[in-house]
Amino acid sequence: MTASDLQSVQQIERASFTTPWPPNAYRQELEGNRLAHYLVATLAGEIVAYGGIWLMVDEAHVTTFAVHPRYRRRHIGERLLLSLLDVALDRRAREATLEVRLSNLGARRLYEKYGFRPVGIRPRYYSDNQEDALIMTTEPLAEPAMRARVSRLRDELDASPPPSARPDDEDAPGDAGVQPPAGTTS
């Protein structure tokens, strides 16, 4: 993600979350947070998803993750999550962790597929409706079982057709992913 991507990221943010990050939050993350690594996913030249992690000591903390509602259910989120896990491994993170709404079953299923497991609850984490967040953490990323899982899932994705650039119906079901309370960056 670069500063030139921020307008598109904000559009996805507003389409995905009831309490989006303030417009300057991503700029501050990109320009001033040496722990932060943000990625965008493009399809036919259009930014359709984004995600970010903070690398703190030996933990990769997923801070935000969203796929534009028109492009969900095309494995774009899976590909982006794989890229975030690749960054985490490259930076020698021992594990990855995130918070997700308890009600966001689609996102939870995606994270579970990639080895995240529930480890706790953050009460009233989301500022829009005081919903609790489920804390999810992976097994150690370098462990053989985790590497085998990620490798198998990557191979499955690589064997599947690439995502189509044709947007789905605006009201298609899907999952946005992780999003911290408004006004925060963790």
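1. V67 is buried, since its relative accessible area is 5%, where buried means under 20% relative accessible area, exposed over 50% and partly exposed in between, with a 1.4 Å probe and protein chains only. The C-alpha atoms of V67 and V40 are separated by 9.6 Å, and these two residues are 27 residues apart along the chain.

2. Please keep in mind that this is a predicted model, in which local features need pLDDT of at least 70 and side-chain atom pairs count only at pLDDT 80 or more, while totals for chains, interfaces and linings use all residues. Residues are numbered from 1 along each chain as its sequence is written, and side-chain values use heavy atoms, with hydrogens and water left out.

3. Turning to the chain as a whole, it has five helices and six strands, and from the N terminus on its elements follow the order α-α-β-β-β-α-β-α-β-β-α. Of its 186 residues, 48% count as buried. Contact means heavy atoms within 4.5 Å, and among contacts between residues at least 6 apart in sequence, 67% join residues at least 24 apart. The chain exposes about 9100 Å², of which carbon and sulfur atoms supply 50%; accessible areas come from the Shrake-Rupley method with a 1.4 Å probe, and for residues only the protein chains shown count as cover.

4. Helix α1 and helix α2 (residues 23-32) pack at an angle of about 130°, with their axes 10 Å apart; axes are lines fitted to C-alpha atoms, for helices over the stretch in contact, and angles run from 0 to 180 degrees between N-to-C directions. That angle makes α1 oblique to α2, because angles under 35 degrees count as roughly parallel, over 145 as roughly antiparallel, 65 to 115 as roughly perpendicular and the rest as oblique. On the α1 side L6, V9, Q10 and E13 take part, and they meet P23, Y26, R27 and L30 in α2. By class, this contact of α1 with α2 has five nonpolar, one polar and two charged residues, where Ala, Val, Leu, Ile, Met, Phe, Trp, Tyr, Cys and Pro count as nonpolar, Asp, Glu, Lys and Arg as charged, and the others, Gly among them, as polar.

5. Leaving aside its neighbours within four places in sequence, Q10 is in contact with W21, P22, P23 and Y26.

6. The axes of helix α3 (residues 76-90) and helix α5 (residues 144-159) come within 11 Å and cross at roughly 140°, and α3 and α5 are therefore oblique to each other. In α3, the residues E78, R79, L82, L85, D86 and L89 meet R147, V150, R154, L157 and D158 in α5. By class, the contact of α3 with α5 has five nonpolar, no polar and six charged residues.

7. Most residues other than glycine have a negative phi. H75, in the loop between β3 and α3, has a positive phi of about 70° although it is not a glycine, and H75 is partly exposed, with a relative accessible area of 38%. R92, in the loop between α3 and β4, has a positive phi of about 65° and is likewise not a glycine, while R92 is exposed, with a relative accessible area of 71%.

Key:
Helices (H or I, at least four residues) and strands (E, at least two) are DSSP runs, numbered from the N terminus.
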